[in-house]
Amino acid sequence: MLPPRLKKAITDNPKKLANLIDLVNLPSTLREFVGQSQISHLGCFMRVWSYIKDNNLQDPNNKNVVKCDEKLKGILLGKPQVELCELPALIKLHFPKEQK
């Protein structure tokens with residue numbers, strides 16, 4: 001079940017959905033973290049999010065902040081902590097630019 005805002009964005013521009021679910025070749029740093037050579041933006045974000053949850057990396061006092069361990073710092077530009085709203089943009093930096 002998708003949030004209403006995401007549903008509207010996808011129905012207004014179906015190419016956005018394709019950009020989220022198309023498989024792309026990953027650079028070596030992200031490939032080592034994810035364990036696959038190809039993955040979609042959405043799949044990669046879900047892997048990172050599950051890693052955060054499995055390793056209890058969210059700040060207990062502020063759930064909007066993720067405290068990065070060494071493995072996570074490697075893909076999030078070496079930042080010691082990031083806000084949840086920054087996470088998709090930081091992950092997207094690893095993906096090649098779209099061909100228009």
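This is a predicted model: local features need pLDDT of at least 70, side-chain atom pairs count only at pLDDT 80 or more; totals for chains, interfaces and linings use all residues.
Residues are numbered from 1 along each chain as its sequence is written, and side-chain values use heavy atoms, without hydrogens or water. Local features need pLDDT of at least 70 and side-chain atom pairs count only at pLDDT 80 or more, while totals for chains, interfaces and linings use all residues.

Start with the protein chain in cartoon view. The chain has six helices and four strands, taken as DSSP runs (helices H or I, at least four residues; strands E, at least two) and numbered from the N terminus. Followed from the N terminus, the order is α-α-β-α-β-α-β-α-β-α.

The accessible surface comes to about 7100 Å², with 55% belonging to carbon and sulfur atoms (Shrake-Rupley method, 1.4 Å probe; for residues, only the protein chains shown count as cover). Of the 100 residues, 27% are buried (under 20% relative accessible area).

Now select phenylalanine 33 and tyrosine 51. Rings of Phe, Tyr and Trp (its six-membered ring) pair if their centres lie within 6.5 Å, and planes over 60 degrees apart count as edge-to-face; the count here is one aromatic pair. The two ring centres are 5.0 Å apart and the planes are at 70°, so the pair is edge-to-face. Phenylalanine 33 is in helix H3 (residues 28-34) and tyrosine 51 in helix H4 (residues 41-54), so the pair ties together parts 18 residues apart in sequence. Both residues are buried.

Terms used: Rings of Phe, Tyr and Trp (its six-membered ring) pair if their centres lie within 6.5 Å; planes under 30 degrees apart count as stacked, over 60 as edge-to-face and the rest as tilted. Buried means under 20% relative accessible area, exposed over 50%, partly exposed in between (1.4 Å probe, protein chains only).
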